[in-house]
Amino acid sequence: MTGSIPTVKLLIDGQLIESNSKQWRDVINPATQEILAQVPFATAEEVDRAVASAKTAFKTWRKTPIGARARIFLKYQQLIREHMKELAAMLTAEQGKTLADAEGDVFRGLEVVEHAAGIGNLQLGELANNVASGVDTYTLLQPLGVCAGITPFNFPAMIPLWMFPMAIAGNTFVLKPSEQDPMVTMRLCELALEAGVPPGVLNVVHGGPEVVNAICDHPDIKAVSFVGSTKVGTHVYNRASQAGKRVQCMMGAKNHAIVLPDAHKEQSLNAIAGAAFGAAGQRCMALSVVVLVGEAQQWIPDLVAKAKSLKLSAGTEPGADLGPLVSCAALDRVSGLIERGVAEGATLELDGRNPQVSGYEKGNFVAPTIFSGVKAEMSIYREEIFGPVLCVMGAATMDEAIELINANPNGNGTAIFTRSGAAARHFQEEIDVGQVGINVPIPVPVPMFSFTGSRASKLGDLGPYGKQVVQFYTQTKTVTERWFDEEAVGSTVNTTINLK
């Protein structure tokens, strides 16, 4: 830890505190390599303190009236709106995405905060009157206790906001943001405190595998939510499940779009280029494979031209369409996969390696890259590249394209571009993917619904935010009650299981 560089704090019991850790990591601007701050890897004792604070706070928070909790979320969404520009600038500095995309990152999280403000309606139970003579049955949705979240680098505003607002509608929470870009997450947590979130209800610890394992193992944590890579997500799911916790893990992807020859050409190409190359491809919902059907296979030169028109620069530069990759390691990995694609026989239609970005020569830049002639056995198809690399495949028919997509183990998102309602309906019926877009390339639902990635992209039954996460963060308690009239006198003992 260097004294002249700002340090990222821990949030424990309502206080921003300096960690006692001896292990620190630099937070680096990926466009310039400037060190923005240093983040600690929290000690085991600090993790325990955060969980203990959440456990203590739960005793009173769970009994706080619904209206009082809802008003905190209403205040919180107002504060996020007021600080939108500041949050976006902070996000762009540490993550690299363009300012416009950073605002979108914050806004999509803000929508979940607004949804959480309606928690009174979201957590209504059910009642059945007179299920037997004088007997009523009803359900209560009760909070679990201390919950935890582990979030990735690519959406340091949106994904934390997917988690903790819905969780702290009734529970308390310990958040572990990505150590690569924790600053905007911490600012969002500061604003939550300003909105009135009580001490201990929201806590933040930073770190790597040791902190992740501590969260998975801690006996006082009842549920864990995770978004990130398949490798880490599988580890978190197995370890936390074995420790008796509820777990939801949203993981890797290989998202495909089918383009039928009848699709509107210009609109489709714009949508594909934006979804493939936006955020430098660092989205779990990025469109990384396009399957051109029939005559649409002739559109490759137009797709290349569209990709070439995009401006690559630092996210702060006006007109930038995509910024740098988040780290030097990410740059090396993406460049290496492009090299493997060439070696394995794919046709490199557009090579984005080693671009010249004036004023940002040290940035982690890869320009839009397009491969055609991609086969299912190639590394660039099997692996999630997480960079601005689009694989183009061909199919003779829509059913052949559907079969290709369904054979891929991942199931985060898919899309079809067509003007045919019949084709679109056939696609959404036959495709085995959790989130389907029809002329929508990134079909992430709004918060009234839930993120519903499937198959190898997801472990756990319930997805983030929306209706499903209300179930995830609550325990259903069923109460069956009977009240006798004062004058009624029972004369027999009932030894059967029936209610009469």
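Predicted model: local features only at pLDDT ≥ 70, side-chain atom pairs only at ≥ 80, totals over all residues.
Biologist: Which backbone nitrogen does the side chain of Ser 19 reach?

Modeller: Ser 19 sits in the loop between strand S2 (15–17) and strand S3 (24–28); strands here are DSSP runs of E, at least two residues long, and helices are runs of H or I, at least four, numbered from the N terminus. At a distance of 3.0 Å, its side chain meets the backbone nitrogen of Ser 21.

Biologist: Is Ser 19 buried or exposed?

Modeller: Leaving aside neighbours within four places in sequence, Ser 19 is in contact (heavy atoms within 4.5 Å) with Leu 10, Trp 24, Pro 40, Ala 42 and Glu 46. Because its relative accessibility is 6%, Ser 19 counts as buried.

Biologist: What is the bridge partner of Ile 28 in S4?

Modeller: S3 and S4 pair in the antiparallel sense over five bridges; pairing requires at least two DSSP bridges. Strand S4 (residues 35–40) is mostly covered, with five of its six residues buried. Within S4, Ile 28 bridges to Ile 35.

Biologist: Which residue in the turn of the S3 and S4 hairpin has a positive phi?

Modeller: Six residues lie between the two strands of this hairpin. The positive phi, about 70 degrees, belongs to Gln 33.

Biologist: How far apart are the C-alpha atoms of Ile 119 and Ala 31?

Modeller: Ile 119 lies in helix H5 (residues 119–122) and counts as buried because its relative accessibility is 2%. Not counting residues up to four places away in sequence, Ile 119 touches Ile 66 and Ala 169. Ala 31 is 88 residues away along the chain, and the C-alpha separation is 40 Å.

Biologist: Which elements do the buried residues of H8 pack against?

Modeller: In H8, Val 211, Val 212, Asn 213, Ile 215 and Cys 216 are buried. Their packing partners are helix H1 (44–61), strand S7 (146–150), strand S8 (172–176), S10 and H9.

Biologist: Which elements give two or more residues to the lining of the largest pocket?

Modeller: A pocket is an open set of 1 Å grid points where a 1.4 Å probe fits, with protein on both sides within 12 Å along at least five of seven lines; lining residues have an atom within 4 Å of a point. The largest pocket has 42 lining residues, and Phe 153, Gln 180, Gly 228, Ser 229 and Val 232 lie nearest its centre. The elements you asked for are helix H8 (209–217), strand S10 (221–227), helix H9 (230–242) and helix H12 (328–343).

Terms used. Residues numbered from 1 in each chain as written. Heavy atoms only, no water. Buried < 20%, exposed > 50% of the residue type's maximum accessible area, 1.4 Å probe, protein only. Polar contact = N/O pair within 3.5 Å; in protein donor to acceptor, adjacent residues only side chain to side chain.
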